[in-house]
Every structure is written in C-alpha cells, then in structure tokens.
Amino acid sequence: MPFCGSSEDGTRIFYRRFGHGNTKVLLIIGLAATHDSWEPQIKGLTGAIEPNDEEEAASIDGDGNLDCDDEESQSGIEVCCFDNRGVGESSIPMKKSQYTTTIMAKDALALLDHLDWKRAHVFGHSMGAMIACKLAALAPERICSLALLNVTGGGFECFPKIDRQIISLAYRFLRAKTPEQRATVDLETHYTKEYLNEYVGLHTRREILYQEYVKAISSAGMQSNCGFEGQVNACWKHKMTAKELDTIRSSRFLISVIHGRYDIIAQLDHARKLAKMLQPSTRMVELQAGHLVTHERTDEVNQALMNLINASKSKQKPEEWYYIPERQTGCLSIRGLLSSLLIVYQLLGKLQLSFLYVIGIFLMGYEHLRNLFTSTRTVKSCILQFLVQK
C-alpha cells in the first residue's frame with residue numbers, strides 16, 4: 001500500500017494515484033472523509049477508475065513529469081488523493097496539538113516531495129480547502145492553480161447557521177454509533193432534500209445513497225474519536241493571516257471558489273468573503289447544491305475544474321479570470337428580508353415570554369416576602385401587646 005512519511009511527528013499518509021500525464025492535480029479531502037470521496041472528480045479528470053500500480057515501470061524526470069513517448073499520456077492528467085491524518089489508512093496522532101491546518105498542509109507538501117511533483121493544481125474541499133489555502137501560502141511556488149470548494153475561513157465561520165435542523169443533525173451525529181445511523185445523518189448533511197428525493201428509476205437517490213454510505217462506512221470503519229476531535233480542532237483553529245493572504249494574492253495563480261448555495265455546513269457568505277479577499281485572481285462559482293457539491297453537481301464541478309486548469313495552462317491573466325457574481329436581488333432579497341424579520345419576530349416573542357416569566361417570578365417572590373414581612377409584623381404586635389398587658 002502506498003504511504004508517504006510526513007516531516008511532522010512521523011505521521012504516515014496513505015495516498016492513491018490515478019491517470020497519467022504531465023498535468024498534476026493534488027486533491028485534499030475534508031473533515032472525517034477519506035480519499036474515496038473524490039471518486040467523481042477522479043473519473044471526470046482522468047477517466048480512470050483504478051489506481052496506478054505503485055510498482056509501475058514509468059520513470060519520472062526531474063520536473064515531476066512522466067517520461068513517456070505516448071503523446072496522449074503526456075497531455076493527460078494525473079491525480080493524487082490521500083487520507084488526511086486522523087482518518088482512513090493514514091496515521092492517527094493522539095494529541096489535539098498534532099492537528100492544525102498548517103501541519104496538515106505540511107503533510108500535503110511532503111506528499112508532493114515524495115511524488116517528485118515540482119508543481120501541481122491543488123483542489124481542496126471543506127477542511128481540505130482550508131489546508132489547501134495554508135499549502136498555497138506555505139509554498140506558493142508549488143501551486144499551478146487553486147480550487148477551494150465549500151470553504152470557510154475557519155474558527156467561528158465553521159459554525160453552521162443554527163436552526164432546528166442543524167441542532168437535530170448535530171445531536172444525531174454525536175450519538176451515531178453504527179454505520180446505518182451515521183449514513184442517515186451524513187445524507188441530510190451533505191445533500192439538498194430536492195436532490196435526495198429525486199427518483200433514479202424505481203428508487204430515490206436517498207435510498208440508493210444510503211446503501212452506498214452504509215457500505216462505505218462499514219468497509220472503512222467509523223472514524224476514531226481521537227481523529228475526529230483532532231480534525232475538528234484543526235478547523236476551529238484555522239485562520240489565514242493578512243501576510244498569508246497577501247502571499248497568495250501576490251503569487252497571481254488562478255483561483256476558483258466553488259460553493260453550493262444551500263450548504264448548511266459551510267455558509268456561502270463566508271466563501272464569498274474569502275473570494276473577495278483573494279481578488280483579483282478569484283472566480284466564484286455558485287451551484288444549486290448542498291455541502292457535497294462535488295457529488296451533487298459533478299458535471300458542473302468537473303467543468304469548473306477543467307476551466308481552471310485550461311485557463312492556467314493558457315496563462316490567462318488574473319484580471320481576466322476574476323469574477324464574483326453580485327448578490328441575488330429582487331424577489332429573492334425581499335423573501336430573505338421577510339425571512340430574517342420573521343426570525344427576529346420569533347426571537348423577540350421568545351424573549352418577551354422569557355421576560356414575562358422572569359417578571360412573574362420576581363412578583364411572586366416579592367409578594368411572598370411582603371406576606372412574610374406582614375406576618376412577622378403581626379406576630380411582633382401580638383407579642384408586644386401580650387407583654388404590655390403583663
């Protein structure tokens with residue numbers, strides 16, 4: 001099995017390679033997921049479904065390119081995907097301090113060195129996009145282009161929009177002990193309801209995907225608590241400094257920020273803010289999907305990634321590449337405003353009830369103390385009268 005030794009604390013990183021060609025693509029997956037989650041992109045970019053044999057006879061030259069006479073192979077794409085530390089076949093460090101996006105970016109950099117890839121297109125999803133940002137700031141000379149899918153800026157931006165659905169999902173996720181329980185939660189977290197309810201033949205996507213998720217989780221095993229908590233810690237502590245952002249901007253490689261509009265985990269506004277911070281090299285691509293946009297809108301995502309690769313090869317200028325769509329206006333904005341007003345109204349209603357409850361408790365206490373004080377005064381008066389009469 002192919003492993004790469006990281007320069008950080010002796011961690012071993014499990015990886016797979018697919019396809020052949022001079023164009024190198026490194027895929028970095030997100031929280032709690034393994035390299036298998038990139039399957040739709042691996043097929044779309046390389047056309048391959050089986051990993052390359054670790055012992056294949058192809059030689060690699062000093063530029064990290066396959067030395068092959070086959071023109072089609074040379075002009076193709078080779079992809080590498082891997083399991084982050086803490087999940088899958090990679091090592092699982094025991095301390096939370098061993099999980100940061102900077103440390104995980106160094107894992108990815110060690111993998112590039114191990115493969116002898118001088119430069120690569122780096123695509124990351126969710127936590128993987130945070131890691132990709134750190135890698136781009138750490139070694140910008142190794143980056144051909146950068147794709148950030150369903151990304152946030154880390155820290156408080158990792159918090160989803162709090163509502164009844166999210167609270168329910170979080171509760172069920174933490175209590176999930178079996179692949180079946182975990183699969184149910186994952187589906188609702190990753191996809192939109194509309195997508196899950198679509199029929200493919202006689203069955204809905206929900207039914208089909210449920211079986212696939214149970215099978216995948218059963219074969220790979222549930223992620224350890226140590227690995228999950230460590231990766232969550234990495235997301236929580238992630239932050240791009242002004243210097244790191246300036247390093248990425250000044251490197252002027254092209255960037256795509258791809259996001260599902262209905263992502264309940266990584267909110268769209270945070271991705272838009274990061275895209276603006278990285279201008280003028282960024283292009284924002286918003287799709288009708290949830291958090292796992294790579295699966296829900298596979299063709300559109302793959303096309304966006306190929307557009308990025310081709311634009312980078314043709315040396316398109318960042319200013320020509322730059323595009324961030326304006327916020328949607330009109331009826332949708334009014335609907336959003338009304339929705340926000342309704343939430344505020346409901347909150348005020350709850351606060352009003354809470355306020356009345358507190359006032360009620362206070363009045364009851366006051367009444368009780370007044371009655372007690374009155375009773376005490378009455379007792380004292382009776383005692384005084386008794387003493388006087390004596």
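Leu-146 is in contact (heavy atoms within 4.5 Å) with Val-122, Ala-132, Ala-136, Phe-253, Leu-254, Ile-255, Ser-256 and Leu-308, when residues up to four places away in sequence are not counted. The structure is a predicted model, in which local features need pLDDT of at least 70 and side-chain atom pairs count only at pLDDT 80 or more, while totals for chains, interfaces and linings use all residues. Residues are numbered from 1 along each chain as its sequence is written, and side-chain values use heavy atoms, with hydrogens and water left out.

Leu-146 is also one of the residues with the most contacts inside the largest nonpolar core, together with Leu-26, Ile-28, Leu-135 and Leu-148. A nonpolar core is a set of buried Ala, Val, Leu, Ile, Met, Phe, Trp, Tyr and Cys residues joined through side-chain atoms within 4.5 Å. Buried residues have under 20% relative accessible area, exposed ones over 50%, and partly exposed ones lie in between (1.4 Å probe, protein chains only). The largest core has 48 residues, and its largest share, nine residues, comes from helix H4 (residues 127-138). Another core, of 28 residues, lies apart from it and includes Phe-18, Leu-45, Val-293 and Trp-321.

In the protein chain there are 15 helices and 10 strands; helices (H or I, at least four residues) and strands (E, at least two) are DSSP runs, numbered from the N terminus. Of its 390 residues, 44% count as buried. Among contacts in the chain with a separation of 6 or more, 77% are between residues 24 or more positions apart.

Helix H3 (residues 101-115) packs against H4 through contacts that involve Thr-101, Thr-102, Met-104, Ala-105, Lys-106, Ala-108 and Leu-109 on H3, and Met-127, Met-130, Ile-131, Lys-134, Leu-135 and Leu-138 on H4. The two axes come within 8 Å and cross at roughly 70 degrees. Axes are lines fitted to C-alpha atoms, for helices over the stretch in contact, and angles run from 0 to 180 degrees between N-to-C directions. H3 is therefore roughly perpendicular to H4, a class that covers 65 to 115 degrees; angles under 35 degrees count as roughly parallel, over 145 as roughly antiparallel and the rest as oblique.

Phe-18, in strand E2 (residues 12-18), is buried, with a relative accessible area of 8%. The residues that Phe-18 touches, beyond four places in sequence, include Ile-42, Ile-77, Val-79 and Cys-81. The C-alpha atoms of Phe-18 and Ile-42 are 7.1 Å apart, although 24 residues separate them along the chain.

Cys-81 itself is buried, at 0% relative accessibility. No disulfide (a pair of cysteine sulfur atoms within 2.5 Å) is found in the whole structure. For Cys-81, the nearest cysteine sulfur is that of Cys-80, 6.3 Å away.

Glu-286 lies in strand E10 (residues 282-287) and is buried, with a relative accessible area of 16%. Its side chain makes polar contacts with the side chains of Arg-261 (3.4 Å) and Arg-272 (2.5 Å). A polar contact is a pair of N or O atoms within 3.5 Å; within protein, one must be able to donate a hydrogen and the other to accept it, and residues adjacent in sequence count only if both atoms are side-chain atoms.
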